[in-house]
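Student: Please take a close look at the pairing of charged side chains. After that, go on to the strands and the backbone, in one connected account.

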Amino acid sequence: MRVLYIITKSEFGGAQTHVYQLSKYFIERGDKVAIMSYPGGWLEEKARKLGIKFYSSSFFSNIPDPIRIFKAIKEIRKVVKDFNPDLVGCHSTAAGFLGRLAIRNKIPTTFTAHGWAFTEGTSFFRKQLAVLIEKIGGKFCSKIICVSDFDRKLALKYKIASPDKLTVIHNGVEVTQINIESKPKSPEKIIKIVFVGRLAKPKDPLLLLKSFNNLSPELKGQVNVFIIGDGPKRGELEKFIKGNRLEEKVKLLGEMPREKVLGFLRKSDIFVLISNWEGFPYTIIEAMSFGLAIIASDVGGIKEALSGNCGILVKKGDKEGIKNALEKLLKNPSLIIKIGERAKKKVRKEFSLEKMLENTAEVYSQLVSIKRFVYKQLNF
C-alpha cells in the first residue's frame with residue numbers, strides 16, 4: 001500500500017507526532033509512505049531519517065489567501081501524480097481541506113480531526129467559517145477519523161458528515177517497560193508539578209500559576225512547578241513569576257526535545273493541563289502512561305482520557321477549581337499514587353500506540369480494498 005500524508009506544518013505538535021507514528025508503522029511493515037507539508041521542522045527531519053519522501057509546499061498556510069490556495073491545490077495534484085498513492089491521509093485544518101479539495105476522493109481519502117476548529121470556546125465568526133469549510137471538505141473524503149468521541153459528536157451536531165463516515169480512533173502512546181515500572185515520587189519529597197504545551201491559545205498556564213499562588217505557604221513549600229514549552233504567553237508568565245516572587249518555586253524550561261520531555265514526565269508527580277479547548281491531547285496520555293496524577297480542564301476529549309477516576313477535571317477557566325484540585329492532591333500524597341496507577345493501567349488498556357496503529361491500518365485497508373473491488377468490477 002502507498003500512503004501519502006498531507007499536513008499543514010512540519011513543526012513539532014500533536015498532529016505531527018500522529019503522522020510520524022503512522023508513517024513509521026507503515027514503513028516498518030513494508031508499505032510506501034510520503035509526506036507533504038510546509039518545509040522545515042521536526043516532522044521533515046523525522047521523515048528524512050526514516051527514508052520517507054518529503055514533498056514541501058511553501059503555499060501551505062492558515063492564511064485564507066486565494067492565490068496561495070490555488071497554488072497549493074496545484075502542487076498537491078502534482079505530488080499525487082508523482083507518488084501515485086493508494087490512499088491519502090489528510091491532517092490539520094488548512095492542509096486537510098486543501099488536500100480533500102484537490103483530490104476530491106478520486107483516491108480513497110481520510111481526514112483526521114485533531115480537534116475541530118469550530119469546537120467550544122472559538123469565536124462566532126471562526127466557528128461559522130470552520131463549519132462551512134468542514135462541511136465542504138466532508139463531501140470529499142471516504143472517512144473522517146476523530147481522535148475523541150467528543151469530536152465525533154461535535155461533527156454530528158454541526159452535520160459535518162453522516163454517522164457512517166465518522167469513526168473514533170483515540171491517540172495512542174508507546175507503553176514500554178519504563179512506563180510500566182515508573183512510580184511517582186515518594187510523598188515525603190518535594191512534589192513536582194509539570195505543565196507541557198505551547199504557551200499560546202488555547203493553553204492557559206497563567207491560570208495554573210494564579211491558582212498555585214493562592215495556596216497556603218505550607219502547601220507551596222511542598223511543591224515545585226515546571227512549565228515546558230514556549231510561545232507568546234511566556235512574557236506574561238515571567239512577569240507574574242517575578243511580581244509574586246515565585247522564582248524559587250516556578251521554573252520556565254522552554255521548549256525541549258520530545259525525548260527529554262518524556263524523561264521529565266517520568267520524574268514528575270502531577271501533570272496539569274489548563275486549556276480553553278482541546279481535541280485529545282497526547283501530553284495527557286503520555287503523562288498518564290508514567291503514572292502521574294492529572295489535573296485538567298474539562299474540554300474536548302479530555303474527559304474520555306480521565307474517566308474512571310484517572311484524574312481530576314476542572315471547569316474551563318475555574319481558578320478556584322484548580323486550587324482545590326491541587327490542595328486535594330497535596331494534602332493526600334497517597335492519592336497521587338493511587339490516581340497515577342489507575343491512569344497507567346487505563347493507557348495500557350485503551351490508549352496504547354499499538355491499538356491506534358492497528359485500528360488506523362484496518363480503516364485504510366478497508367478503503368483501499370473497496371476501491372480495488374470497484375475498479376475490478378468496472379474492468380479498470
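This is a predicted model: local features need pLDDT of at least 70, side-chain atom pairs count only at pLDDT 80 or more; totals for chains, interfaces and linings use all residues.

Tutor: Lys303 and Asp298 join their side chains in a salt bridge, with N to O at 3.7 Å; the term stands for a side-chain nitrogen of Lys or Arg within 4 Å of a carboxyl oxygen of Asp or Glu. Lys303 is partly exposed at a relative accessible area of 46%, and Asp298 is also partly exposed, at 32%. Here buried means under 20% relative accessible area, exposed over 50%, and partly exposed in between, with a 1.4 Å probe and protein chains only. Residues are numbered from 1 along each chain as its sequence is written, and side-chain values use heavy atoms, with hydrogens and water left out.

In total, the structure has 14 salt bridges. Side chains of opposite charge can pair when their charged atoms come close. Another of these bridges links Arg29 with Asp31, at 2.4 Å from N to O.

Why are Arg48 and Glu44 separated by about one helical turn? They are four residues apart in helix α2, which covers residues 42–50. Helices (H or I, at least four residues) and strands (E, at least two) are DSSP runs, numbered from the N terminus. In this pair Glu44 is buried at 15% relative accessible area, while Arg48 is partly exposed at 47%.

Now the strands. Strand β2 (residues 32–37) is largely enclosed by the rest of the structure, because five of its six residues are buried. Strands β1 (residues 2–7) and β2 run parallel and are joined by five bridges; two strands count as paired if DSSP finds at least two bridges between them. Within this pairing, Met36 of β2 has Ile6 opposite. With helix α1 (residues 14–28), β1 and β2 form a β-α-β unit that is right-handed. A crossover is right-handed if, with the strands pointing away from the viewer, the path from the first strand over the helix to the second runs clockwise. From β2 the chain passes through α2 to β3, and this β-α-β crossover is right-handed. Strand β3 (residues 53–56) also pairs with β2, in the parallel sense and over four bridges. There Phe54 of β3 has Ile35 opposite.

Last, the backbone in two loops. Elsewhere, the peptide bond running from Lys201 to Pro202 is cis, with omega near 10°. Pro202 belongs to the loop between β8 (191–196) and α8 (205–213).
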